[in-house]
Amino acid sequence: MKSKDMANTKKYRTINYKLLEEITESKKSRVSVSTIKGILAALELFKNFLITQFGESYRTNVITSEICNQFSDYLDNVVKPSSKRTYQQRLIALFSEAVDQNLIEVRPMRKCPQPQIKQSANDIVYLTKSEMQKLFRVPCFHNETKNAFVLACYTGLSLGDIESLEWSHIVFENGQMMISKKSVKQGKELRIPLVSSSKKILKEIKQEYDALPDNQKDGKIFHLFSRTILGKDLAKWQNDAKITKDLTFNVARHTFGTLAVSAGVSLYTLVKWMGLGSFDSAMEYVNILNTAHQDSDISALEFVLS
């Protein structure tokens, strides 16, 4: 449904950043919070680029195909290729919506070709035990980013599931503390036993949460910054810890998968814990262990539960 302001907008031949903001605002009631966060992250990068081109008038200057091509070159220097495609696709979606809503005639950014990348075990990036220990000893600029990443390493939760994690998702079954929630991406029921390192993080966060005034308690465990800021946090943290692998929350998730398999967790259990789509997905972690040695970490992760 179009907002009142946008419904009265005349059809133009051009588009500017202000119109992209209006389209995004109109989408907030129609799409998920995680989708909006992704769009805002793309807009933030686009804004930073436009400011370098237009200064304070970045919101009203015309966005042309040439500007979009220059933005593509700009992304080459600030994000990884996979992230570049994601950000471009989000902007293309906004431009397409502007056309669909009869706000502009032609979108300035054409659909970028998607190279077919065959994923193999060698494409999966994960942290070894020694890398985890090295990283976790170093502070992160935003401690909440660090806590979320560490919890993802010990639970296999995706970033979307970390962002939507609530205190009501922490339950006890047969004396075991667990996370019980539906995955954001596939809607599958996740039931993940919590190990001592996870419990320690959650205990510290809960103490801070309980100290808040009642009107500031919303039930959420994490209140993370935008994806752009998270990326900067992880990049600086990685650099400070002298880790050569690019840190992402997918790396944390893959770390959990490889550690779980190396500790003897069955593929059936891993599929349930991580909400994987198939046993083939779980087998990727087995394939990793067949090509690269990963020490088990049973004592730290407590996968052999009593």
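Leaving aside neighbours within four places in sequence, Ala282 is in contact with Leu267, Leu270, Val271 and Leu276 in this predicted model, where contact means heavy atoms within 4.5 Å. Ala282 belongs to helix 13 (residues 279-291); helices (H or I, at least four residues) and strands (E, at least two) are DSSP runs, numbered from the N terminus. With a relative accessible area of 0%, Ala282 is buried, a word that stands for under 20% relative accessible area, with exposed meaning over 50% and partly exposed lying in between (1.4 Å probe, protein chains only). Although Ala282 and Leu270 are 12 residues apart along the chain, their C-alpha atoms are separated by 6.8 Å.

Leu270 leads on to helix 12 (residues 267-274), whose buried residues are Leu270, Val271, Trp273 and Met274. Seen down the axis of helix 12, these buried residues fall within an arc of 170°, so they line one face of the helix; the arc is that of the directions from the helix axis to the C-beta atoms. Gly275 follows helix 12 and has a positive phi, near 65°.

Another buried position is Asn147, which has 14% relative accessibility and is found in helix 7. Not counting residues up to four places away in sequence, Asn147 touches Ile201, Ile205 and Phe222.

Turning to the strands, strand 2 (residues 176-182) and strand 3 (residues 189-193) run antiparallel and are joined by 5 bridges; two strands pair if DSSP finds at least two bridges between them. In this pairing, Ser180 stands opposite Arg191 of strand 3. The two strands form a hairpin with 6 residues between them, and Gly187 in the turn has a positive phi of about 70°.

How far can each part be trusted? The mean pLDDT of the chain is 83, and 85% of its residues reach 70 or more; pLDDT is the predictor's confidence in each residue, from 0 to 100. Among the elements of the chain, helix 7 (residues 143-155) has the highest mean pLDDT (96) and helix 14 (residues 298-301) the lowest (42). Over residues 1-10 the pLDDT stays under 50, and the model has 11 contacts beyond four places in sequence for them. Residues 113-121 also have pLDDT below 50, with 10 contacts in the model beyond near neighbours in sequence. Where pLDDT is low, the predicted coordinates should not be read in detail.

Residues are numbered from 1 along each chain as its sequence is written, and side-chain values use heavy atoms, with hydrogens and water left out. In this predicted model, local features need pLDDT of at least 70 and side-chain atom pairs count only at pLDDT 80 or more, while totals for chains, interfaces and linings use all residues.
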